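Subject: Structure handover

Hi there,

Here is the structure I promised to pass on. Could you have a look at it when you get a moment?

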Amino acid sequence: MASIRMIGKKNIAVNFTDGMFKGIYNGKQCHLSDIPTVLTRAWAAGVHRIIVTGGSLEESREALAIAETDGRLFCTVGVHPTRCKEFEESGDPEKHFQALLTLAKEGIQKGKVVAIGECGLDYDRLHFCPAEIQKKYFEKQFELAYITKLPMFLHMRAAAADFCEIVEKNKDRFTAGVTHSFTGSMDDSIKLLSFDKMYIGINGCSLKTTENLDVVKGIPVERLMIETDSPYCEIKNTHAGIGFVKSTWPSKKKEKYDQEFIVKGRNEPCLVKQVLEVVAGCKGINDVANLSRILYHNTCRVFFPHDLDSAADALLDDGNSS
């Protein structure tokens, strides 16, 4: 596994604004904020960069503040489909949009904001936000991508038809994108891949069932990215892909918090290594280091195009020395 550690990995989705990383679980404080400790484990596992996800205007502000604490952290700015009521609840949707745009521009100047999102459609959780409001403000956020020239970090849950219709209508307004935490069908993946600048993000939620694994098998590695969506979407012992996992970390329950251990049930960025192992295993890829290179290159192509050549050269050097 040493060679895999040497190949850099990017984690395209970590929710560091979530309360669990502040030590809060179901409203109860179990331990102090431990993001630095979590990051130390991630860097030791070979993660080179992490994109912190923004899911609302306030979360996007917090994500940018977190990203500014480390040169290897970056973030998104946008509104998650389940939060889209915040546009209208703000009392002035256009002013809310302009605040997002101002924040995105500020983050771009700081070299930290690398995508618009998390935005999209989620029809599994319509109790948070009705479909019509989701669609309205999903489409609105393509304006952010068009103005800033940033790629899009997208969410699609049980909404493939409407999602793809909106993407099709706005395909000339964004440079590239990834539909992250993908749990859709083979047909859904084919629809997404029909957009030549769309990638698919895979995490533990994407690898639960044998059907999920079959879908991942059919996605070309040149169109894949890997992620954790921490603190959610861990690979559990009940998941179909668990047999491919080789890397493990000792864990303890949150009530017995110890910074030397992962919190049981809380996903962490370092565990992206397990996602890599399952993707390689279900695809029958023996050269995991080369797979890691390809996925790293995909992430650079979308989110870090300015250093694509230097990143590829560095990875090639790593591979030759391993």
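Below are my notes on a pair of helices and on some backbone details.

This is a predicted model, in which local features need pLDDT of at least 70 and side-chain atom pairs count only at pLDDT 80 or more, while totals for chains, interfaces and linings use all residues. Residues are numbered from 1 along each chain as its sequence is written, and side-chain values use heavy atoms, with hydrogens and water left out.

Let me start with the helix pair. Helix α6 spans residues 131-148 and helix α7 residues 160-169; helices here are DSSP runs of H or I with at least four residues, strands are E runs with at least two, and both are numbered from the N terminus. The two helices pack at an angle of about 30 degrees, with 10 Å between their axes (lines fitted to C-alpha atoms over the stretch in contact, with angles from 0 to 180 degrees between N-to-C directions). They are therefore roughly parallel to each other (angles under 35 degrees). On the α6 side, K135, F138, E139 and F142 make the contact, and on the α7 side D162, F163, I166, V167 and K169 do (heavy atoms within 4.5 Å).

Which residues of α7 are buried? They are A160, F163, C164, I166 and V167, where buried means under 20% relative accessible area and exposed over 50%, with a 1.4 Å probe and protein chains only. On the face turned away from the buried side, α7 carries the exposed residues A161, E165 and K169.

Now for the backbone. Most residues other than glycine have a negative phi, and most peptide bonds are trans. G117 and E118 are joined by a cis peptide bond with omega about 10 degrees, and E118 lies in strand β6. Another cis bond runs from S230 to P231, with omega near 5 degrees; P231 sits in the loop between β10 (224-226) and β11 (251-252). C233 is found in the loop between β10 and β11 and has a positive phi of about 60 degrees. C233 is buried, at 14% relative accessible area. S181, in the loop between β8 and α8, has a positive phi near 50 degrees and is buried at 1% relative accessibility.

Best wishes

Notes:
Parallel < 35°, antiparallel > 145°, perpendicular 65-115°, else oblique.
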